[in-house]
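Visitor: I have a model open on my screen and would like to learn how to read it. Could you walk me through it, feature by feature?

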Amino acid sequence: MNGFSKPIAVASADAMHQLGHALAAQLVAGDVVYLSGPLGAGKTTLAQAIVRGLGFSGRVKSPSYGLIELYPINGLTVVHLDLYRLSAAEEVADLGLEAYTTAGTADKADTVMLIEWPSRGEGHLPPASWVVEIEDGPGVSGVASQPVTTDRRVTVSRR
């Protein structure tokens, strides 16, 4: 049992951070986490909390412009991708993810991938171990520059 049996109401950025830490405690090397939801839903906030929950103490940047950020954590590499800016799913091939996803290699065994906007890379990404879907609740503005301030419904499932 993964501890996420029903949708979770997330009412603040702090609650999103708590969820990220709880999910981090469930992850193992080789896991791939898909993070889906509308613009401004809190995907990056959640990913940053997961990276922190796994033990990274440095600056956790959004990969919005560079598309990919790597975080070394105690022999583990967290690969955080934001595919929002991709214009075609085939562009995933240019990111060099095979170094982290080839089945049976040491790289995969030492990697956790967090992928925002996985639908933009459909057919070119490793399969998800976890799927996180964030939905806006009533009264959510959906503006990316505003913090999570009102209920969002988050569904976490293990694949």
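Visitor: What percentage of the residues of the chain count as buried?

Guide: Of the chain's 159 residues, 43% count as buried. Keep in mind that this is a predicted model. As for the surface, the chain exposes about 7900 Å², and carbon and sulfur atoms supply 50% of that area.

Visitor: What pattern does the chain follow along the sequence?

Guide: Reading along, you get β-α-β-α-β-β-α-α-β-β-β. That comes to 4 helices and 7 strands. Look at the contacts as well: taking those between residues at least 6 apart in sequence, 66% join residues at least 24 apart.

Visitor: Now the interior. How do I read a nonpolar core?

Guide: The general idea is that in soluble globular proteins, nonpolar side chains tend to be buried together. Here, the largest nonpolar core has 28 residues, and L23, L114 and V132 have the most contacts inside it. Contributors of at least two residues each are α1 (13–24), β2, α2 (43–53), β3 (68–73), β4, β5, β6 and β7 (152–158).

Visitor: Which residues is L23 in contact with, leaving aside its neighbours within four places in sequence?

Guide: L23 is in contact with F4, V33, I50, W130, V132 and V156. Another core, of 16 residues, lies apart from the largest one; V32, Y34, V79 and A128 are among its members.

Visitor: Next, aromatic pairs. What describes a pair of aromatic rings?

Guide: A search of the whole structure finds 3 aromatic pairs. Take F4 and W130: their ring centres are 6.2 Å apart and their planes sit at 85 degrees, so this pair is edge-to-face. The pair links distant parts of the chain, with F4 in the segment before β1 (8–10) and W130 in strand β6 (residues 130–136), 126 residues apart. Both F4 and W130 are buried.

Visitor: And how about Y84 and W117: what is the angle between the planes?

Guide: For Y84 and W117 the planes make 50 degrees, with 4.8 Å centre to centre, and the pair is tilted. Y84 is in the loop between β4 (76–82) and α3 (98–101), and W117 is in the loop between β5 (111–116) and β6, so the pair ties together parts 33 residues apart in sequence.

Visitor: Is Y84 buried or partly exposed?

Guide: Y84 is partly exposed, because its relative accessible area is 34% and buried means under 20%. W117, by contrast, is buried, with a relative accessible area of 15%.

Visitor: One last residue. Where is the place of H17?

Guide: H17 is in helix α1. With a relative accessibility of 32%, H17 counts as partly exposed. Leaving aside neighbours within four places in sequence, H17 is in contact with T45 and A49.

Conventions:
Residues are numbered from 1 along each chain as its sequence is written. This is a predicted model: local features need pLDDT of at least 70, side-chain atom pairs count only at pLDDT 80 or more; totals for chains, interfaces and linings use all residues. Side-chain values use heavy atoms; hydrogens and water are left out. Buried means under 20% relative accessible area, exposed over 50%, partly exposed in between (1.4 Å probe, protein chains only). Contact means heavy atoms within 4.5 Å. Accessible areas come from the Shrake-Rupley method with a 1.4 Å probe; for residues, only the protein chains shown count as cover. Rings of Phe, Tyr and Trp (its six-membered ring) pair if their centres lie within 6.5 Å; planes under 30 degrees apart count as stacked, over 60 as edge-to-face and the rest as tilted. A nonpolar core is a set of buried Ala, Val, Leu, Ile, Met, Phe, Trp, Tyr and Cys residues joined through side-chain atoms within 4.5 Å.
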